[in-house]
Amino acid sequence: MSYLPGVEIEPQHTADAAVIWLHGLGADGHDFAPVVKELGLPEALAIRFVFPHAPSMPVSINNGHVMPAWYDISSMQIERKVDKEQLMKSALRVGDLVEREIERGIKSERIVIAGFSQGGAVAYQLGLSYPKPLAGIFGLSTYFPTHDAVQPSPENKALPILICHGLYDPVVPEALGRHSCEALRQMGYKPEYKTYPMQHSVCMEEIAAISHWLQARLAA
């Protein structure tokens with residue numbers, strides 16, 4: 001099988017958990033790799049971090065320029081128009097990476113799906129629909145364009161979800177983060193929602209919250 005290429009960071013000890021973390025539009029898997037050290041996770045928490053590269057494609061909102069993207073976006077309005085078929089195909093390809101982690105000996109219950117911006121939209125689609133139990137999802141500065149199309153998996157009906165968003169985000173307005181949270185609640189999930197005084201980025205307070213959340217989900 002041909003897997004998405006990417007960056008992998010191995011723990012000091014043999015990995016018994018994994019985080020698959022998806023970047024945003026125009027970036028690549030290197031974008032969030034430096035955050036692993038900043039998480040300050042205990043050495044005993046043996047997590048493999050996988051940062052896949054999205055394929056390159058023309059993106060309508062950028063005049064059709066080819067760049068790394070999980071799916072095309074045709075409008076940046078508050079209810080942005082996205083190519084849901086491409087998004088779902090990307091989710092399936094990332095799902096192949098989940099299966100690879102399971103083949104490597106990681107239990108599905110110890111795999112987290114994460115994503116920033118576009119990557120977070122794919123993380124929602126994959127994590128909620130994945131047919132095996134997962135450890136959780138965290139979405140950063142993102143939105144949930146497939147909330148009306150996703151078919152939730154019974155195995156993940158109680159999936160832990162962390163949502164973080166910048167209050168001053170000019171790219172993905174914070175209202176979209178709140179809408180995502182509300183949509184998840186209406187579907188029966190109990191997401192945690194945190195905001196920070198930042199734009200379309202990450203901050204140290206947010207990284208600390210992610211670290212705490214990961215340790216709670218993946219502690220032995």
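Modeller: F138 is buried, and W213 is buried as well; buried means under 20% relative accessible area, exposed means over 50%, and partly exposed lies in between (1.4 Å probe, protein chains only). This is a predicted model, in which local features need pLDDT of at least 70 and side-chain atom pairs count only at pLDDT 80 or more, while totals for chains, interfaces and linings use all residues. Residues are numbered from 1 along each chain as its sequence is written, and side-chain values use heavy atoms, with hydrogens and water left out.

There are seven aromatic pairs in the structure. Rings of Phe, Tyr and Trp (its six-membered ring) pair if their centres lie within 6.5 Å; planes under 30 degrees apart count as stacked, over 60 as edge-to-face and the rest as tilted. W21 and F51 make a tilted pair, with 5.7 Å between centres and 35° between planes. W21 belongs to strand β2 (residues 17–22) and F51 to strand β3 (residues 47–52), so this pair ties together parts 30 residues apart in sequence. Helices (H or I, at least four residues) and strands (E, at least two) are DSSP runs, numbered from the N terminus. Both W21 and F51 are buried.

The rings mentioned so far belong to one cluster, in which ring pairs link W21, F32, F49, F51, F116, F138 and W213.

Next come the nonpolar cores, each a set of buried Ala, Val, Leu, Ile, Met, Phe, Trp, Tyr and Cys residues joined through side-chain atoms within 4.5 Å. The largest has 40 residues, and I20, Y71 and L128 have the most contacts inside it. Helix α3 (118–129) is among the elements that give two or more residues to this core, and its six residues are the largest share. Y71, neighbours within four places in sequence aside, is in contact (heavy atoms within 4.5 Å) with residues including M57, L87, V122 and Y143. A second, separate core of 30 residues includes V19, V36, I47 and L214.

Charged side chains form 10 salt bridges, each a side-chain nitrogen of Lys or Arg within 4 Å of a carboxyl oxygen of Asp or Glu. One joins R100 to E8, with the closest N and O atoms 2.9 Å apart. R100 lies in helix α2 and E8 in strand β1 (residues 6–9), so the bridge ties together parts 92 residues apart in sequence. R100 is buried, at 16% relative accessible area, whereas E8 is partly exposed at 31%. E8 also meets R104 in a salt bridge, 3.2 Å from N to O. R104 sits in the loop between α2 and β6, 96 residues from E8, and is partly exposed at 38%. E8, E10, R48, R100, E101 and R104 are linked in a network of salt bridges.

R100 also lies over the face of Y3, 4.8 Å from the ring centre; a charge sits over a ring if NZ of Lys or CZ of Arg is within 6 Å of the ring centre and within 35 degrees of the ring normal.
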